[in-house]
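Please look over the structure below before reading on. The paragraphs that follow go through it step by step.

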Amino acid sequence: MLRLTGGKIVDPTQTPAERAGDLWIDGERIVAPPADGGKGAEVRDISGKLVLAGAIDIHSHIAGGKVNLGRLLSSADHRSTVEAAEEGLRGGSGLATPSTFTTGYRYAAMGYTAAFEPAMVAANARATHIEMADVPILDKGAYVMLGNDEFLLQRLAAGASQSEINDYVAWTIQATAAHAVKVVNAGGISAFKFNGRSLGIDEPGPQHGVTPRRIIQALSRAVHELGVPHPLHVHCNNLGIPGNVETTLATIEAAEGLPIHLTHVQFHSYGTEGKRKFSSAAARIAEVVNANPNVSVDVGQIVFGPTMTESGDTQAQFRNRTHASPKKWLSMDIECDAGCGLVPFRYRDKNFVNALQWAIGLELFLLIRDPWRVFLTTDHPNGGPFASYPQLVRLLMERSYREECLAQINASARKLSVVGGIAREYTLAEIAAMTRAAPARSLGLRDRGHLTPGARADLVIYEPGSDIETMFRTPVQVLKGGVEVARGGRIRSVPAGATQLVRPGYDKQIERSLKRFFDDHMTVRFGNFPLAEGEIAEAGGRIEQHACVAAGGRA
Amino acid sequence: MSGGQADARAAVSGAVTCPFCGLACDDLAVAAGKVETRGCARATAGFARASAARRAHAVGGKPADLATAAAAAAAILRKAKAPLFHGLTAELNGVRALLALAERVGGTVDHQGSAALLANIGVARASGWAVATFAEVANRADFVLLVGADPAKNFPRFHERLIGNPKPLYRSTAPSVAYLGAEPLAPPEAMAPLQGIVGETALLPTVAALSGLLHGRQPRDVGLPIEALAAMAQGLQEARYGVIAWDLGRLPPRVAELVTEYLAGMLRHLNAKTRCVGLPLGGSGNAIGANQTALWQAGWPLRLSFADGTPRHDPWQHDGGRMLAAGEADALVWCAALAADRPPRTEAPVIALVADDVELPAPAAVEIRIGIPALDHGGEIVRADTVIAVPLHAARPSDRPGLAEAARAILAGLETG
């Protein structure tokens, strides 16, 4: 048993959220103070330090086919950031598109103990999970993409019942060992394969006549009725287009009050005001999010500098190819199921559009009041690398630093943004909510994200006093399941993390129509599509299954 | 309740995977331990490898157990300053384990099929393209241009599975097929391709001329009737979902890369108005999977070296064949599981991690006889279209170690020795 004594515990699930006190750890769990006073326990004095739960990244592209293509297209990134193999540690490379071992080590050294790959192509699930087995330390999981797969679009066009959709969604989650469901540009990726270059929320798709609104309705209801803990994770249609705020608001409507998570909402909060016809609509989005407790968002903050954008949204990425830096792009249509598009980007602080994107992200963080419903992401690496999180935390916690940075950006963008007038500074407890407790709750990880007895001993010890960015970049110590994994930015041990997943039930009847679809049209046999029970274990992984809870229930 | 099976490797007849080319067909039948290969000679030959006599692991030609052989391999690698890991025709988990070993000893890693692969990824990295996977081609393509070798040569069931599939989702008739290559195409009789036969040296200027036509430039004489070339250009422009598939493995790599760059440029150009996707063919011996594993583990594609402690990529410097010819490698770890290739000639000590049917010209310093994926054990390989890892099933399960087990045994030998 281990007793951490003298530190300040920051846990927004408790009242008060910040308090001085001891933490008791037995094995891999936090436990109540033992009745015998803890005789024989190892005592570690952490006086003057802060303790938070391990951080959880709810949306980070860490593995899968398009992530690997991102690495392939990012030679400069892999030449400039290299990590040598050391005793017990594997080497690697890349900042924006890091290799797998580097990803795990870098996250862990920053106090992250879990990260979720948000865009797994169902047909790529087997490869994605084998790749994730090479992401050390972190617990990880994947959201499987639906909503552009020809089977679903055909069934919706044919007027399938909600229960049939539910069965199909549950089958897909199980077959791909997924933790949640994401929809990317509902119907738009399929439309692109029929040469459709955009798809409005109420526009019937070119082949099936199904609208994005209908797809979002059906999928958000399926996820809800199946009791999948994380709501439908939505990448809205019309990413990056001025005026797309209307699509984003219509998407919230399409959920009809059911839980819905809008991802990288910064890229979907654009208006058309001003002489450049590009403006911030963050205030409108924030107002609607504030008023609708069924809605959560992650921001997808941009960070100035070079990065790689990798997305399932072939339609948007093809449009964005004209902004590529360097000038190249790659697009792939995948298995009548999905797609992926890659475009290298460089966000510049003196560029009007980029500067305004940066400000829009901060406006969203600061105008959305409930830290339980707005999560810290850069949509890694699409807005910037996850290694920039400590700087983002500082931007949120320290107004003076924010003003300093604001002074550097394109002047026209600065004048159009309300960021400069916002006094709000996030508290530590709010940061702990948005990076720990809230993602854990949203993902149904009941024993993570907090520090109450029964929680996994995933925790981070910080030294306050140094500036906020340094404090968050280099925690004093990081424990994962009670084991020290990092100290002062150095990796100390490399336990394997677990693959997080859910297994909603379904009526086996759906497998008959799926088998027919596979037999007639697909190039993999139906029986070979699902991951088999032992495959993740055989790749060296470990599975941790989470409960699907009654509709509307909360962990 | 679970969508999976209790035994990850149980073969279901009618859904058995063949790992012997990049198509990775997974619809083979199995009865009484015999695999019915749907008329594919390459698959038949591959599964017939099961009949090879078993050979012992060996050290210096003398039979040894796995631990002894692994320890001997570890001793060689411990002394080596520039070990080369080559061949690499293995399933994903085998490649993963071998990369761990290579990194541990500062080795260089190459795949025997990397030359063709690098011509493709060189273009993808430099300029990009629009591509698609098999199911998109099989269900949508209304015009298909084949460039280079007849795909049926290296991918025997290409025409049957991707062009002539009976129930496509989104096309009412079979696609029009055009062909630019050195030898007449031999598709099924029902197909009447527009053939443009050009010798290997003429392929580059011909493809350049076709690209020119798409951009509205009249080409000079390229040894092919202009009408044929114009028909190909028109086919691509008018297709709703055009496909350009290429297999340029027989061209010198530099020429292959130039041809591929033209094709990629055509794809980028055509997609401004209509849809047209590429299908680079290759990837036998799980070259695609090996390359992807290198990318995710090290951040770099193949022809990868850990010699200076950090991963480095250089398609010339870390070319395994070149290194052996130049005498740069002082130990060769030769892996042959999916293919039965012998190790290349070298003065350096050879650690052969090879299947039973690989006959070594002379006793290797160390021989570890590993299983053949899809025969002795299961695993996963990545199809030529790069997205789909297909599961392999053990048609004739045996206790032969897989490459992963062999690599881990050597790694253990390094830790303890």
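A residue is called buried if 20 or more other C-beta atoms lie within 10 Å of its own. That cut-off is needed for strand β11 of chain B, where Tyr241(B), Val243(B), Ala245(B) and Asp247(B) point one way, Gly242(B), Ile244(B) and Trp246(B) point the other way, and all are buried. Because seven of the seven residues of β11(B), residues 241-247, are buried, the strand is largely enclosed by the rest of the structure. This is a predicted model, and the description applies to its predicted coordinates.

What runs alongside this strand? Strands of a sheet pair through backbone hydrogen bonds, either parallel or antiparallel. Strand β8 of chain B, residues 143-148, pairs with β11(B) in the parallel sense, over six bridges. One of the residue pairs here is Val144(B) with Val243(B), its bridge partner in β11(B). Strand β12 of chain B, residues 275-280, also runs parallel to β11(B), and six bridges join the two. Trp246(B) has Pro280(B) as its bridge partner in β12(B). To get from β11(B) to β12(B), the chain passes through helix α10, residues 253-270 of chain B, and this β-α-β crossover is right-handed.

Now consider chain B as a whole. Its secondary structure amounts to 13 helices and 19 strands. With a radius of gyration of 23 Å, close to the 22 Å that the globule rule gives for 417 residues, chain B is as compact as a globular protein of that length. Along the principal axes, its C-alpha atoms fill a box of roughly 70 × 50 × 40 Å. Of the 417 residues in chain B, 59% are buried. Among the contacts in chain B with a separation of 6 or more, 65% are between residues 24 or more positions apart.

How does chain B meet chain A? The contact involves 62 residues of chain A and 62 residues of chain B. On the side of chain A that touches chain B, strand β20 of chain A, residues 330-334, gives the largest share, five residues. By residue class, that side of chain A divides into 25 nonpolar, 21 polar and 16 charged residues. Pairing between strands also crosses from one chain to the other: β20(A) runs parallel to strand β7 of chain B, residues 130-132, and three bridges join them. Asp333(A) has Ala132(B) as its bridge partner in β7(B).

Chain A has an open sheet of seven strands with mixed pairing, in the order β3-β2-β7-β23-β24-β25-β26. At the edges stand β3 (18-20) and β26 (490-491) of chain A, each with a single partner strand, so one side of each is left without a neighbour in the sheet. Within chain A, strand β2, residues 8-10, and strand β7, residues 50-53, pair in the parallel sense over two bridges. Lys8(A) has Leu50(A) as its bridge partner in β7(A).

The last point is confidence. The model scores ipTM 0.97 and pTM 0.97. For chain B the mean pLDDT is 93, and 97% of its residues reach 70 or more. Over residues 1-8 of chain B, however, pLDDT stays under 50, and the model has 21 contacts beyond four places in sequence for them. Where pLDDT is low, the predicted coordinates should not be read in detail.

Key
Residues numbered from 1 in each chain as written. Chains lettered and ligands numbered in written order. Predicted model: local features only at pLDDT ≥ 70, side-chain atom pairs only at ≥ 80, totals over all residues. Buried ≥ 20, exposed ≤ 12 C-beta atoms within 10 Å, placed from the backbone. Helix = DSSP H or I, 4+ residues; strand = E, 2+ residues; numbered from the N terminus. Pairing = 2+ DSSP bridges. Right-handed = clockwise from strand over helix to strand, strands pointing away. pLDDT = per-residue confidence, 0-100. Contact = placed C-beta atoms within 7 Å. Rg over C-alpha atoms; globule rule 2.2 N^0.38 Å. Nonpolar A, V, L, I, M, F, W, Y, C, P; charged D, E, K, R; others polar.
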